[in-house]
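The following report concerns the fold and selected residues of one chain. Please keep the sequence and the structure in view while reading.

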Amino acid sequence: MPYTFVLVHGAWHGGWCWRRVADRLRGGGHTVFTPTLTGLGERAHLLRAGIDLKTHIADVVNVIKWEGLDDVVLCGHSYGGFIISGVAEQMAAVLRSIVFLDAFVPRDGESVLDLTGPAVREAAAAAQQRGELGVPPRPAEAFGVNPADRAWVDRLCVPQPIGTFADKIALTGAAGRVARKTYVRAGSYANPGFDRAFASVQADPAWRSYSVACGHDVMVDAPDRLCEILLEAAA
């Protein structure tokens, strides 16, 4: 049966990073939306002070509302775990499945800076001291992107609105109440925070969990395998 997917990118990226996955899913007869969050990707010209988690959550909530979507498979990559957690608070009734793709699984009151590693915290602090609106992107090589795609990813990544990293999310745990829950870990990307999240869901029979032998940008490195997982997550 055809499914409806809403795929949310991570920090510094844009909807462009899902192209390979979206093309494959659409080719299989599925409906796919890949919204770009405010200030990023082709919406980089909208970068301004005041963009925070609520802005990015509204970006995705409004796609679901204005497109009249129902029975949605909602997937968030990396930072996108914060966004889909917030979307679930408002749109749980229309979610068929929720997928955390090598992503943060935040708890109420946490921020990205609470959960991320020292390199990102230091970069955010330095950007703030310089009075900049965004945190400079990390190089694709640091994410373990395959060598053939690194120049493409580096060319399209842009600074992440700084408020989105510092903002603390308000959650009641709606994401955890979605019936179908999946976590996908990129096995070739070292990240203690994601390891902890993966270990936690592996111990919970309410979750499905997968490990994919690739870098952090699973949608870039392993689109075929990710499509298989997304379809299993939907079923």
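All of strand S4 (residues 95–101) is buried, 7 of 7 residues, so S4 is largely enclosed by the rest of the structure. Buried here stands for a relative accessible area under 20%, exposed for one over 50%, and partly exposed for values in between, with a 1.4 Å probe and protein chains only. The model is a predicted one, in which local features require pLDDT of at least 70 and side-chain atom pairs count only at pLDDT 80 or more, whereas totals for chains, interfaces and linings use all residues. Numbering starts from 1 along each chain as its sequence is written, and side-chain values rest on heavy atoms, with hydrogens and water left out. Helices (H or I, at least four residues) and strands (E, at least two) are DSSP runs numbered from the N terminus.

S4 belongs to an open sheet of 6 strands, arranged in the order S2-S1-S3-S4-S7-S8 with parallel pairing. The edges are taken by S2 and strand S8 (207–212), each of which has a single partner strand, so one side of each lacks a neighbour in the sheet. On average, neighbouring strands of this sheet are turned by 20° against each other, direction ignored; the axes behind such angles are lines fitted to C-alpha atoms, for helices over the stretch in contact, and angles between N-to-C directions run from 0 to 180 degrees. Two strands are taken to pair if DSSP finds at least two bridges between them.

| Strand pair | Bridges | Facing residues |
|---|---|---|
| S3 (residues 72–77) and S4 | 6 bridges | Gly-76 and Phe-100 |
| S4 and S7 | 5 bridges | Val-99 and Thr-182 |
| S7 and S8 | 6 bridges | Lys-181 and Trp-207 |

Between S3 and S4 the chain passes through helix H3 (residues 80–91), and this β-α-β crossover is right-handed. The term right-handed applies if, with the strands pointing away from the viewer, the path from the first strand over the helix to the second runs clockwise. Further along, Tyr-183 has Ser-209 in S8 as its bridge partner. The chain goes from S7 through helix H8 (residues 192–202) to S8, again in a right-handed β-α-β crossover.

## Cys-75 in strand S3

Cys-75 is part of strand S3 and is buried, its relative accessible area being 0%. Which residues does Cys-75 touch, not counting those up to four places away in sequence? They are Val-6, Leu-7, Val-8, Trp-18, Ile-84, Val-99, Leu-101 and Leu-230, where contact denotes heavy atoms within 4.5 Å. Cys-75 lies 71 residues from Thr-4 in sequence, and the two are 11 Å apart in space, C-alpha to C-alpha.

## Helix H1

Helix H1 (residues 19–27) has Val-21, Ala-22 and Leu-25 as its buried residues. They span an arc of only 95° around the axis, which places them on the same side of H1; the arc is that of the directions from the helix axis to the C-beta atoms. These buried residues pack against strand S1 (4–8), strand S2 (31–33), helix H9 (218–221) and helix H10 (223–234).

## Loop residues

Trp-12 sits in the loop between S1 and H1. Its phi is near 70°, a positive value in a residue other than glycine, and Trp-12 is buried at a relative accessible area of 5%. Asp-71, likewise not a glycine, has a positive phi of about 55°. Asp-71 is located in the loop between helix H2 (53–66) and S3 and counts as partly exposed at 34% relative accessibility.

Asp-167 is placed in the loop between helix H7 (163–166) and strand S7 (180–186). Is Asp-167 buried or exposed? With 17% relative accessibility, Asp-167 counts as buried. A polar atom of the Asp-167 side chain lies 3.1 Å from the backbone nitrogen of Leu-53. Leaving aside residues up to four places away in sequence, Asp-167 touches Asp-52, Leu-53, Lys-54, Glu-110, Ser-111 and Val-112.

Notes
A polar contact is a pair of N or O atoms within 3.5 Å; within protein, one must be able to donate a hydrogen and the other to accept it, and residues adjacent in sequence count only if both atoms are side-chain atoms.
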